[in-house]
Amino acid sequence: MTYKKIKEDILYAGMNDKDRLIFDELIPLDNGTSYNSYIIKGSEKTAVIDTMYPKFTQEYIKSFDENGITKVDYIIANHGEQDHSGSIPAMLEKFPEAIVVTNAVCAGNLKEMLLVPESKIKVITNNEELSLGNKTLKFLIAPGVHWPDTMFTLLKEDNAVFTCDFLGAHYIFDDVFAVPSKELEKSAKKYFAEIMMPFSLVCRKYVKQLKDLNVEMILPSHGPIHKNPSYILDLYEDWAGEKGKNLVLLPYVSMYQSTKEMIDYLAEKLKEKGINSYKHDIVDDNLGDLAIALVDGTTIIIGTSMVLAGPHPAAYNTVYLASILRPKAKIASFIGSYGWGGNLFGKMSEMIAPLKLDVIEPILVKGKAKKEDYEKLDRMAEEIYIKHKVLGLV
Ligand code: FEO
């Protein structure tokens, strides 16, 4: 556990989890993550904002004694997911006088998921305030980033906002304050792609709210603290924006190189037209890199070999992931190769239908692409070019 004084009477009490290789059993982590909890010592009351991932509960609870914190009056739960709320039951044992403070939706989750007794929960409403004496907490209910139970806690006197998952990053650090770097930006973007991108519209609303409040410090519950809030708010404004970049994503799986040759050819043709592309080997490349590219891509062309009578399962998995992450892409199609027959694109087309993409005629080839197939790829590249031009991207 790391304790660090952030400002007078604001303590960081967090943990770098260097060994965590994957989050939500979905996207690999580059270098683990951090779980941040905060302690606010008011002149009359002490509040803890978010707690700890259950794996580290013992260490977390012990750290209060080690750091001389003998009294906790309020445990603020900004979100019910257990990487932040998981240590609440142990906290209530350690500090029996403490009350959990949260919104109604999160209260329901804490009762269901952690069996927190109703009598130990104080339910607050949007904009409600809680006095700690010389410090005041104000609760800003912010459903949808990324659960329906989320809220932010504003420490009024310091104009500092505790945003839990929102504006966070799976990132470990020695100094708790963010130092802008390519590495931090990549971590925050990957985190945004997996956790926040499906809720981009809601993200835009809260970015504006925090900008309008002119907050001076952003303290998320994963990743470093932002003393320069515009750094992360501006990045979110871009990532959550409606307009993609002049970028075509080419995720592919190819058993005998026929599909890969078509993907390579298409990438070259796009390059000749001034369009960037990102080729992603679905089997060998890091899924996190594809997630990052999904934040920016305007077009997605999926390449797949046929396995038995349908798409390769890895391609199917990628299409499903892309469909639930709800990227800002506007255009899509498929390229594939088969040996003896089947339906290569039918199910994948159904899967992306809810995204309401502009679908270009797919290209299906038996074995290797021939002259007429390369002509189809030329036409696909031209069609993408025209559509990107209409969108003002080239
Ligand atoms: Fe970091 Fe939604 O939990």
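The largest cavity in this structure, a predicted model, holds about 50 Å³ of space. A search of the whole structure finds five cavities of 30 Å³ or more. The chain has 394 residues, of which 56% are buried, and contains twelve helices and 21 strands.

**The largest cavity**

- The residues lining the largest cavity are Ile27, Pro28, Leu29, Asp30, His170, Ser187, Lys190, Tyr191 and Glu194.
- Two elements, strand S4 (27-28) and helix H5 (182-196), each contribute two or more residues to this lining.
- Helix H5 supplies the largest share of the lining, namely four residues.
- Sorted by class, the lining comprises four nonpolar, two polar and three charged residues.

**The chain as a whole**

- Taken along the principal axes, the box filled by the C-alpha atoms is roughly 80 × 40 × 35 Å.
- Of the contacts between residues at least 6 apart in sequence, 71% join residues at least 24 apart.

**The five-stranded sheet**

- An open sheet of mixed pairing is formed by five strands, in the order S10-S11-S12-S13-S14.
- Strand S10 (129-131) and strand S14 (217-220) are the edge strands; each has a single partner strand, so one side of each lacks a neighbour in the sheet.
- From one strand to the next, the twist averages 25°.

**Strand S13 and its partners**

- Strand S12 (residues 151-155) and strand S13 (residues 160-164) run antiparallel and are joined by three bridges.
- Within this pair, Thr153 stands opposite Phe162 of S13, and Leu154 has Val161 of S13 as its bridge partner.
- Four residues lie between the strands in the hairpin of S12 and S13, where Asn159 adopts a positive phi near 50°.
- On the pairing with S14, strand S13 runs in the parallel sense, with four bridges between the two strands.
- Val161 has Ile218 as its bridge partner in S14; Val161 is also the bridge partner of Leu154.

**Burial of strand S13**

- Five of the five residues of S13 are buried, and the strand is thus described as mostly covered.
- Both faces of S13 are covered, with Ala160, Phe162 and Cys164 buried on one side and Val161 and Thr163 buried on the other.

Key:
Residues numbered from 1 in each chain as written. Predicted model: local features only at pLDDT ≥ 70, side-chain atom pairs only at ≥ 80, totals over all residues. Heavy atoms only, no water. 1 Å grid on protein atoms, 1.4 Å probe; cavity = no way out; pocket = protein on both sides within 12 Å on 5 of 7 lines; lining within 4 Å. Points joined across faces, edges and corners; volume = space filled by probe spheres on them. Nonpolar A, V, L, I, M, F, W, Y, C, P; charged D, E, K, R; others polar. Pairing = 2+ DSSP bridges. Axes fitted to C-alpha atoms, helices over the stretch in contact; angles between N-to-C directions. Buried < 20%, exposed > 50% of the residue type's maximum accessible area, 1.4 Å probe, protein only. Contact = heavy atoms within 4.5 Å.
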